[in-house]
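Subject: Structure for you to look at

Dear colleague,

Here is the structure I promised to pass on, with my notes below it. Please open it alongside this message and follow the notes in order.

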Amino acid sequence: MFLFDNLSILFLFLIILGVVPNLFYSFGYLPHIRRKAYYLIHYFAFIISMMGVVIAGNALVFLFFWELMSLTSWQLILTQIEDKSTIKAARFYFFMTHFGFMFLLLFFLIVTNGDLDISFAQMKVITSNFAYPTLLFFFVVLGLASKAGAVPMHVWLPYAHPAAPSPVSALMSGIMLKVAIYGFFRFMFDIFGVWQLEWGIFILIMGAISSLVGVLYALSEHDIKALLANHSIENIGIIFIGFGMGMIFSSLKLPALSAFAFIAALFHTFNHMSFKSLLFMGAGSVLHETSTKNMEKYGGLIKAMPITAFTFLLASISISALPPTNGFLSEWMIFQSLLGSANIDNISLKLAIPFSIFALALTGGLAIACFVKVFGITFLGLHRSTNAKHAHEVNILMKIGMILMSLVVVSLMLFTPFYIKLFDSTINALMNISIYDKIIPNIWSLHSISNNGGVVSPLILLAGLVVLTLILYIFYKSLNIKHRIFHTWACGYNTSPVTQYSATGFAGPIRRFFTWLYDPDIHFEKEVILGHKTKFVDARFSVHVRPLFERSLYQSSIKLTNKISYYVYRLAHFEQSRYAAMIFNMLLSVLFSYRIFVHEFSWATLVLESVVMIISVKVLLVGGKE
Amino acid sequence: MILYTTTIILMIVIAPLLPSFMKMVKMTLLYKKPISIFQGYRDFSKLLSKEIIVSKETSSITSMAPFLVLSPLILTLFFLPPIVKGEYFVSFIDAFTITGLISLSTFFLMILGLDSASSFGGLGSSREAFISALAEPAMILTVFSVSLMADNLGVGQASINLNNHFPFEHMASFIFAGISFFILLIAENGRIPVDNPETHLELTMVHEAMILDLSGFYLMLIESASSIKFMIFSSMFASLFMPFGLHLPIILGVLVFILKLFFIALLVALLEVNTAKLRLFKIPNLLGIAIVFAFLSLITFYVLGV
């Protein structure tokens with residue numbers, strides 16, 4: 001019923017690493033929550049259900065805990081029910097998560113032959129005999145990617161994460177999305193075992209698109225938690241790039257490279273858990289103090305909340321993949337596995353993979369821009385509202401939570417060899433190949449596995465940076481320079497909060513460059529004096545980005561459903577002669593399709609019969625003018 | 001090891017010469033009375049003796065960030081390709097790490113810009129974020145392509161391999177990568193046509209806007225960071241795209257290397273005199289060209305085969 005192999009224990013470890021600091025933070029956050037008992041029951045049930053998913057040994061237990069995880073997180077989103085948008089976000093989340101659940105259920109019904117009690121090993125036998133494995137693969141992708149938040153099933157994240165209380169956002173983004181990644185590892189290795197080349201390419205493309213879309217929407221966001229939620233999409237994309245490369249290498253029979261890519265994906269999974277939880281905690285503390293999620297209302301918080309600010313800075317540097325942090329190390333590994341594509345013989349694949357390198361590099365660059373924006377606008381400068389002015393540091397429990405989580409981030413950076421060893425033993429159990437000695441020949445450096453690959457040494461980078469900064473600092477101190485305090489130069493005017501750069505303004509150039517994606521809805525109101533529009537007295541500028549995928553995929557499918565239901569409605573009100581005509585047309589189409597698809601196929605008859613069908617439908621069903 | 005340390009110190013010492021040299025060339029070409037080539041040193045010594053004026057709106061970031069802007073760049077100098085034969089070098093550091101270290105420095109510079117609550121700072125950071133985000137993919141793709149040609153991902157080893165046997169069959173992709181890298185050299189260092197280092201006009205400035213509120217020692221740190229950044233890029237260009245002179249005797253080798261640096265500075269100066277600054281929203285076109293050339297370089301390399 002339960003399974004404790006390497007993979008399960010690894011993800012159990014991930015959950016515990018993420019949950020322990022979160023417990024402290026959550027209890028510090030508790031005074032902010034009105035319905036405490038409600039919150040606590042669902043909070044603990046949520047944690048237990050996530051643990052249940054990763055140790056589930058058969059389909060029934062897996063599905064039970066999966067559904068419990070969805071339902072408890074849905075209820076947790078509804079904790080602060082006063083807000084109207086919360087209910088909408090929760091409904092959307094409920095729908096999306098059950099959309100995924102349906103596909104998982106379908107998948108399990110097929111691979112277990114209806115007997116949900118059998119183990120993963122027995123499922124593997126049934127799967128290998130199943131005629132259409134690609135169908136199963138797409139069930140898995142739809143089922144798990146809608147939970148993980150990969151494009152195009154990512155639309156619920158920017159709604160659900162901001163609506164949930166901050167400790168829950170940290171759990172959902174940090175851990176729940178990783179449970180879906182666990183599902184990918186478990187299903188791909190233990191149920192499929194072998195996979196086709198196209199699957200890996202599909203995952204790789206999905207990852208590359210997710211990473212770009214996530215970071216681009218994050219840049220245009222000014223709700224701090226929605227911004228972080230969009231960054232989760234980006235990081236899930238990066239994990240999928242690693243995972244996809246692993247699958248591609250594995251189907252091309254390059255096991256060492258494949259193991260390297262999978263280890264990179266696992267490493268990034270851990271890293272994302274650490275820094276994203278920390279970022280959500282920081283955002284939660286800021287939200288706790290200022291009671292607003294709008295970044296334009298923050299500013300200057302570093303003076304009042306130094307611990308929040310510096311832990312947030314650490315996480316920002318890490319998520320921007322800047323050396324020597326852990327985020328950099330895992331992205332470096334993913335880059336190295338992409339660069340390993342030079343060893344592939346398939347020339348078209350070889351030419352295509354640089355586009356992923358491009359996507360990942362651009363993502364990195366935009367992530368830096370985005371986190372400069374978040375950190376700079378939130379914590380630096382002057383306060384932009386009275387709430388920000390009166391903010392002070394959060395309580396001791398929340399501080400402990402943030403400090404513990406930053407210790408997790410630092411440990412992932414300092415003890416990389418230990419973590420790699422852990423991932424390697426997991427991959428070894430799944431793929432029977434151990435490459436730990438090749439990645440880490442000594443504890444100083446991390447080696448790429450491909451021919452003539454690169455090397456990075458996190459400890460030397462860190463030590464180098466610290467030593468150089470210290471030397472510069474000592475040199476500066478020894479000069480004993482005089483300091484003078486004066487105000488910022490503002491062209492002769494006084495510096496004021498309103499003349500600072502805003503978050504919207506900061507992302508302005510990038511928003512303008514990617515207008516085709518954002519399709520922004522811009523309002524620019526100017527005060528009118530004596531019939532003349534002025535610009536300087538009281539002007540209001542607001543930009544709202546219209547999410548492309550939501551608009552094209554979701555709204556249009558709603559429109560399509562509406563249209564279809566309209567026709568169904570019209571059908572239901574036909575007179576009897578029309579019903580007879582419908583039956584006749586149905587019969588005709590069944591006969592024709594039998595002839596075309598089963599009996600014998602020829603293009604000529606297909607065209608002929610289609611023409612006959614269209615005429616018959618037009619004459620009998622649609623009829624003349626009404 | 002002594003040689004290694006000496007070359008790094010040499011690079012730090014001659015770094016301020018290059019911007020002054022470019023300015024000198026430009027002024028000569030514009031029929032102005034040129035500044036001395038040692039102007040950089042004079043500026044630094046002047047800034048060292050001045051007091052620091054800290055704005056009261058700033059936080060502790062202003063007193064930390066200038067150090068963190070400079071130190072990753074100095075660290076990058078340790079990982080650059082060797083400039084003379086027999087020198088110890090760090091062979092393994094790849095393009096991604098070097099790009100990362102440069103981005104780390106840019107990250108702190110951008111944060112510094114937002115710290116003083118001045119609209120200039122935000123303006124500069126916003127533009128810098130825009131430009132450096134688009135420059136990053138081109139940088140990684142270009143250096144990756146060169147590393148492939150040199151048969152090693154480590155930048156140091158790649159430069160040695162290129163020196164030992166230059167891959168003439170991949171000349172086309174080599175030149176494409178060279179063009180792409182030269183555009184990056186201009187974009188990342190804020191030279192015309194991307195940014196004008198001499199202007200203090202809010203319409204055009206990028207780098208200067210971020211550091212408008214710094215003075216004294218802090219300003220010196222940032223100024224030396226920008227001259228070291230130019231040093232990093234020009235020395236990478238010299239080692240990777242002008243792969244000769246490594247086998248000369250030590251003194252001659254260093255001389256050839258310095259000549260190469262000044263040649264690159266001359267090229268940049270000539271380009272600066274002959275072009276106007278681009279509008280901010282035209283810069284992506286330029287960087288797009290760099291990205292396209294980087295792709296072309298990779299694709300021609302793959303198609304021609306190893």
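I begin where the two chains meet: helix α20 (residues 458-479) of chain A packs with α4(B) at an angle of about 125 degrees, their axes being 9 Å apart. That angle makes α20(A) oblique to α4(B), and the crossing of these two helices is right-handed. Please keep in mind throughout that this is a predicted model.

On the α20(A) side the residues involved are A:Gly464, A:Leu465, A:Leu468, A:Thr469, A:Leu472 and A:Tyr473, and they meet B:Phe67, B:Leu68, B:Leu70, B:Ser71, B:Pro72, B:Ile74, B:Leu75 and B:Phe78 in α4(B). Sorted by class, the contact of α20(A) with α4(B) has 11 nonpolar residues, three polar ones and no charged ones.

Turning to the contact between the chains as a whole, 66 residues come from chain B and 66 residues from chain A. On the side of chain B that touches chain A, the elements giving two or more residues are β1 (52-55), α4 (61-78), α5 (95-115), α6 (119-150), α10 (216-241) and α12 (283-304) of chain B. Of these, α6(B) provides the largest share, with 17 residues. By class, that side of chain B has 41 nonpolar, 16 polar and nine charged residues.

Within β1(B), B:Ser55 is the bridge partner of A:Phe486.

Chain A itself is divided into domain 1 (1-194) and domain 2 (550-622), and the C-alpha centres of domain 1 and domain 2 of chain A lie 40 Å apart.

By class, the contact of α3(A) with α4(A) has 13 nonpolar, three polar and one charged residues.

In the other pair, helix α2 (residues 36-55) and helix α8 (residues 166-192) of chain A pack at an angle of about 20 degrees with their axes 10 Å apart, and α2(A) and α8(A) are therefore roughly parallel to each other, with a crossing that is left-handed. Here A:Phe46, A:Met50, A:Val53 and A:Val54 in α2(A) meet A:Leu171, A:Ile175, A:Met176, A:Val179 and A:Tyr182 in α8(A), a contact that has nine nonpolar residues, no polar and no charged ones.

Finally, some points about the backbone. Most residues other than glycine have a negative phi, and most peptide bonds are trans. The peptide bond from A:Val151 to A:Pro152, however, is cis, with omega near 5 degrees, and A:Pro152 lies in the loop between α6 (133-148) and α7 (157-163) of chain A. In chain B, the bond from B:Ile192 to B:Pro193 is cis, with omega near 10 degrees, and B:Pro193 lies in the loop between α8 (171-188) and α9 (207-210) of chain B. A:Ser291, although not a glycine, has a positive phi of about 50 degrees, and its place is in the loop between α11 (255-290) and α12 (301-304) of chain A.

With best wishes

Technical notes. Residues are numbered from 1 along each chain as its sequence is written. Chains are lettered from A and ligands numbered from 1 in the order in which they are written. This is a predicted model: local features need pLDDT of at least 70, side-chain atom pairs count only at pLDDT 80 or more; totals for chains, interfaces and linings use all residues. Two residues are in contact if their C-beta atoms, placed from the backbone, lie within 7 Å. Helices (H or I, at least four residues) and strands (E, at least two) are DSSP runs, numbered from the N terminus. Ala, Val, Leu, Ile, Met, Phe, Trp, Tyr, Cys and Pro count as nonpolar, Asp, Glu, Lys and Arg as charged, and the others, Gly among them, as polar. Two strands pair if DSSP finds at least two bridges between them. Domain bounds come from an automatic or database domain assignment. Axes are lines fitted to C-alpha atoms, for helices over the stretch in contact, and angles run from 0 to 180 degrees between N-to-C directions. Angles under 35 degrees count as roughly parallel, over 145 as roughly antiparallel, 65 to 115 as roughly perpendicular and the rest as oblique. A crossing is left-handed if the near helix is turned anticlockwise from the far one by less than a right angle, and right-handed if clockwise.
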